[in-house]
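Please look over the sequence and the structure shown here.

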Amino acid sequence: MKKLLALILSLVLVFGLVACSGSNTTSNVTSNESSKSENTESNAEEAVIATEITSPVEIEFWHAMSGANGEALQKLTDDFNAANKNITVKLVNQGGYRDLFDKLMGAAKAKQLPTIAQIYSNRLSWYISKGLVEDLNPYIENEKVGLTKEDIDDFPKLFLDDGIWDGKQYAMPFNKSQMVLYYNVDMFEEAGLEVPKTWDAWKEAARKLTVDKDGDGEPEIYGLVFANDISTDIAPWVKQAGGEIISEKEDKINFNTPETKEAVEFINSMIQEKIARLAGEDGSANVPFQQGRAAMCVASTSSIPYIEKNAIEGLNWFAAPLPGYKTNDQLFYGTNVAVFNTSSPEEKLAAWEYIKFLTSVESTAYFSQQTGYLPVRKSVRELDSYKKFLEEKPVKAISFDCMDIGFQGARNIGEINALDVLGEELDLVFSNQKSIDDALKDAQERGERAMQEARSN
Amino acid sequence: MKKWILHKTIIYVILLLGAVFILLPFLWMLSTSLKPSNEVLIMPPKWIPSKLVWENYKIAFKSAPFKRYFLNSVFVSAMVTVGELITTILAAFAFTRIKFKGRELLFSVLISTMMVPSEVLIIPNFVTLSKLGWIDTYKALIIPWCASVYSIFLLRQYFFGIPEQLYYSAKIDGCSDFKFLWMIMVPLAKPAIITLTILKIINSWNSFMWPLIVTNSEHMRTLPVALSAFSSEAGTDFNVLMAAATMIIIPVFIIYLILQKHIVAGVSRTGIKG
């Protein structure tokens, strides 16, 4: 009896596995077919977008903005709803970014996508590949509801480019930030140092600012702190070394290349010398910095409100662009807003009107002042109100000067999984358990596999 | 005499240490909830805030519609608990006293479902519920949770501990199965049932992932979802978050205080701690 039971149970498990994988392939086939038919439909609709809203329309905007960010977004949305009698935008907070993206994926599979969502470009790639995203070019170019040439030029080019696939604008920038170097002004003055602009100067500064008073090998003050997920955003150092960590054009990952090796060697040398470290149990790189336990840290400009609020008394801090090497490339990131094409034409038009409002000069200036994010319009800098704001918070002016040397990361589907693999290998390098060559070689192999697996979903 | 005092002291010291150890996270939560922002993550950790920031509670309360969330949490937890008790008691009884073909096999299949990690089920369940049109309704929050194999397993164990003779003698007296279950078995199994009740209330009250996924509207969400409002990609307002968490725990804490003697009795009788 027991043997029969075991046999039956194992058969059930086997059938379960087979059934599950079977349904995946069939759903892939059907979604590919439906995306093909939707593509031809939307091609026909290209010239025929709605240009007028005649009856009340309600649309949902799924986002992950909480706290002060959420309040700012709510105010902008309330203003928009009040000014547009026929449109009601319903904000739906879906928790944090991971929760939001999980939910969007579930909604896509259940065919229940909202009209607009906040989303990273490297995630939107998947939705575009399934034909679920509305091409915004017809709206931008439309005489009645579109953007003027001045408006389009007013967007920093790198932000718009982040939303273009195959010449089509699928997303507009919303909350963007830049990776910067935060530094302790007092510590630098006392050591007679200038803010580093090159890798060599950076290493020197980190060395001079690391303090190990009791000589126990564990510095009380580290020169530099990096984020724990440094692999996810390692692009700037690889780019500054002359390479590209992930090539979107060639659709391949470049973990095992000389440039990547140079970048990793640079970072690792500082970690091994104990003048730099990862955030570790502090969670975020800015935490030890704002408590005076680190002289410098690498973090996003979106951390500015947190550093302001949580810094210990008397901490004199500022920020600077990342020090360069062969080039001075600066990394910009952040989410955009995209419209899914599963809604009705009027709903999509309403979504476009809302996006136009969110990215208008006044709105983005307001949003940028209330949050740690950057304005997505260049002319914000000319506004009197913003000029005053910058006098009080000069740290937010840095990004304006960096946009010409800025870039955003690649957006290949599955790259997140590959970068996670790189992170695992780098952790072994930093803890001295593996040589850089071995780690990068394994990262390349495993990363390619991870990317393939992610694409078969 | 001296040996006895020493004995007792050692036991009490150990118990005290254990209690302090278990209470530490809660004490830290309370302490953090009253700290100003820049003291939350200081090294070395500070236990007593330099000033008691009661504003954190005010901010936390204003950040989400707590009244509505509270009502939802109470309603959902109550309905889920009642639903689960009904299905569990009936199922446990069937699996112990009623002899039907394939009973053991069916039970083993049920147990094997416990091996599936819940993350795997999130998307398929979400798809199922949206096809049924239950998203953003109480149905999605309540119905999927009205059965729990774990509870059935626990109660079945307890029912096995009640002598079969009781069942047979009741049957001889002409008592129906149903009557026997509710008039005799349930009162006898009160400790286990109360334990299950409390566990279910706590689990349902704390459930975050599921309500977040199946609800979109503010007026359908439950208390734990409010906690997500304090974290963002750039950082977390731990002090306000802890204030909100403290407020959320208090109702469950009160229920526990009221029902605690039943839990202890339950543990000592079944020998199983929930």
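Two residues are in contact if their C-beta atoms, placed from the backbone, lie within 7 Å. By that rule, residues 24 or more positions apart account for 74% of the contacts in chain A with a separation of 6 or more. This is a predicted model, in which local features need pLDDT of at least 70 and side-chain atom pairs count only at pLDDT 80 or more, while totals for chains, interfaces and linings use all residues. Residues are numbered from 1 along each chain as its sequence is written, and chains are lettered from A and ligands numbered from 1 in the order in which they are written.

**Chain A as a whole**

- Chain A has 19 helices and 14 strands, counted as DSSP runs (helices H or I, at least four residues; strands E, at least two) numbered from the N terminus.
- The C-alpha atoms of chain A fill a box of roughly 80 × 70 × 40 Å along the principal axes.
- Of the 457 residues in chain A, 45% are buried (20 or more other C-beta atoms within 10 Å of the residue's own; exposed means 12 or fewer, and partly exposed is in between).

**Helices H11 and H18 of chain A**

- H11(A) (residues 258–272) and H18(A) (residues 415–430) pack at an angle of about 40°, with axes 10 Å apart; axes are lines fitted to C-alpha atoms over the stretch in contact, and angles run from 0 to 180 degrees between N-to-C directions.
- The two helices are therefore oblique to each other (under 35 degrees is roughly parallel, over 145 roughly antiparallel, 65 to 115 roughly perpendicular, and the rest oblique).
- A:Val264, A:Asn268 and A:Ile271 of H11(A) make the contact with A:Leu426, A:Val429 and A:Phe430 of H18(A).

**Where chains A and B touch**

- In chain A, 29 residues are in contact with 25 residues of chain B.
- H3(A) gives the largest share of the side of chain A that touches chain B, with five residues.
- B:Met43 lies in the loop between helix H1 (2–33) and helix H2 (55–62) of chain B, and is exposed, with 12 other C-beta atoms within 10 Å.
- Apart from its neighbours within four places in sequence, B:Met43 is in contact with A:Gln291 and A:Arg293.
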